Amino acid sequence: MLPALLSVGTVAAVIAGCSGNTTAPASGMAHVQLQVSDPSTCQAPNGPFEHVYVTIADVQANVSSSAGSSDSGWVDLTPGLSGHPVQIDLLGQASNQCFLASLGDPQELQPGKYQQIRVILTDNTSATDSKELPNNLCTNGVANCVVLNDNTVHTLQLSSEANTGIKIPPGQIANGGLTVAAGDTKELDIDFNTCVSIVEQGNGVFRLKPVLHAGEVTTSATSINGTVIDSVTGNPTTGPVLVALEQKDANGVDRVFMNTLTNTSGQFVFCPLPSGTYDVVIVGETSASAVYAPTVITGVSTGSALGTVQLHPSTVASAAASLQGMVTSQNGATPAAATSIDVQVSALEQVATGLTVTMPQVPSTANAVLALTTGSSTTCPAAKDCVSYTLLLPAAVPYVGAFAAGGTTLAQSVLPASYTVDGIALVPSSGGTLDCSPSEQQATPITPVAGTTLPVTALAFAGCQ
């Protein structure tokens, strides 16, 4: 679950490799296999959805980071799905700790670094559905749908995904791509951030605006887990707790890779995970909506157990700080005119020397970061589309510590609390393709004040498509 688009909730639905067919790859070739899993966080009764059904028709990979959907070089990782697509409930129950369903046997491919992946969905036409989905779980007859917690069924509208595939660019693939050598058998993990990827447009219309990440996993030591408690009582917190798993981007800033809510016992688990090192950022509230100071644990490797992690009551007023601002967008024409973009908006905080993290919103907001789409409005500046937002964030200074297997020692940061609101522009419904020039904008830093609404300087994007 991850750096996100501005919407409600975060679910990680993962397409991942798992050992099953152990046939060795042919000489000079490699194997890649895919499966599906889901550490969901927005399932009813805690969220609006009982089920989210998507139908996967193909998964392809390319060594080129810039290849278009019709360019050469695409390798079919799931050829068996073309005539027999797999319909998956992204909020279903896993048959074991991590996996929901298999997407076929391992496939041979040439060695190389695959820098782009596309997940192709079956479209929603009835003719295709009736022929290829004899056991369709969408009772309204389409291939992709959501079932709300009142049991009503709504078509999940697609944009270009059915034809060109949901693109996962190199910036959203761990280590910039999946590297395979001759003789390798690799397991590919695709993180499908379900709740952040579904936008309600009104009147019962839901649209898929996918946010995906990918990376290699192994069949063992694939999780990071722990238990969150109140530092005073020694018991699980009485309110919601959100745990974000983060990794550094090209600029050294921690971005959300996955996030999840703890259960009633304070436990959380991320599984499966690409091999690597992550930082864990935790925010929480009491049942009376008092906000804890955040906790940041650095250097957590895949396969680690964090044990018991403490959240400390805030030493300042315990209400959240509210940051409010606007995003505007216009295209590169002369004269420039309004245009719509998707924007992921998050709050960055330097919590130690050389360590800037994405600070999740307080858990009652149900999403770690925000995802929004600009549009026309009477409140927009001339010749610009716009959208307003509010971020609810902890006001207290975080507790920070480096992971240790025997127990992590936490100390409150010596740096004062300060947030920089960050926006990244994306081509609408592209799944992560950058837009505008420059594609990232940052507002003036703000010192949070508990219980206070603070204005944020506008994020103004220009030169957009």
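Are F49 and F206 buried or exposed? In this predicted model, both F49 and F206 are buried. A search of the whole structure turns up 3 aromatic pairs, and F49 and F206 form an aromatic pair of the edge-to-face kind, with 6.3 Å from centre to centre and 70° between the planes. F49 belongs to strand β4 (residues 49-62) and F206 to strand β17 (residues 205-208), so this pair ties together parts that lie 157 residues apart in sequence.

Next comes a sheet. Its 4 strands make an open sheet in the order β22-β19-β26-β24, and the pairing is mixed. At the edges stand β22 (267-270) and β24 (292-293); each has a single partner strand, so one side of each is left without a neighbour in the sheet. Within it, T227 is found opposite Q267 in β22.

D435 sits in the loop between β34 (420-426) and β35 (440-442). Its relative accessibility is 3%, and because buried means under 20%, D435 counts as buried. Which residues surround it there? Apart from neighbours within four places in sequence, D435 is in contact with I341, A425, L426, V427, P428, C464 and Q465. As for F461, which is 26 residues from D435 along the chain, the C-alpha atoms of the two are separated by 9.1 Å.

Methods:
Residues are numbered from 1 along each chain as its sequence is written. This is a predicted model: local features need pLDDT of at least 70, side-chain atom pairs count only at pLDDT 80 or more; totals for chains, interfaces and linings use all residues. Side-chain values use heavy atoms; hydrogens and water are left out. Two strands pair if DSSP finds at least two bridges between them. Helices (H or I, at least four residues) and strands (E, at least two) are DSSP runs, numbered from the N terminus. Rings of Phe, Tyr and Trp (its six-membered ring) pair if their centres lie within 6.5 Å; planes under 30 degrees apart count as stacked, over 60 as edge-to-face and the rest as tilted. Buried means under 20% relative accessible area, exposed over 50%, partly exposed in between (1.4 Å probe, protein chains only). Contact means heavy atoms within 4.5 Å.
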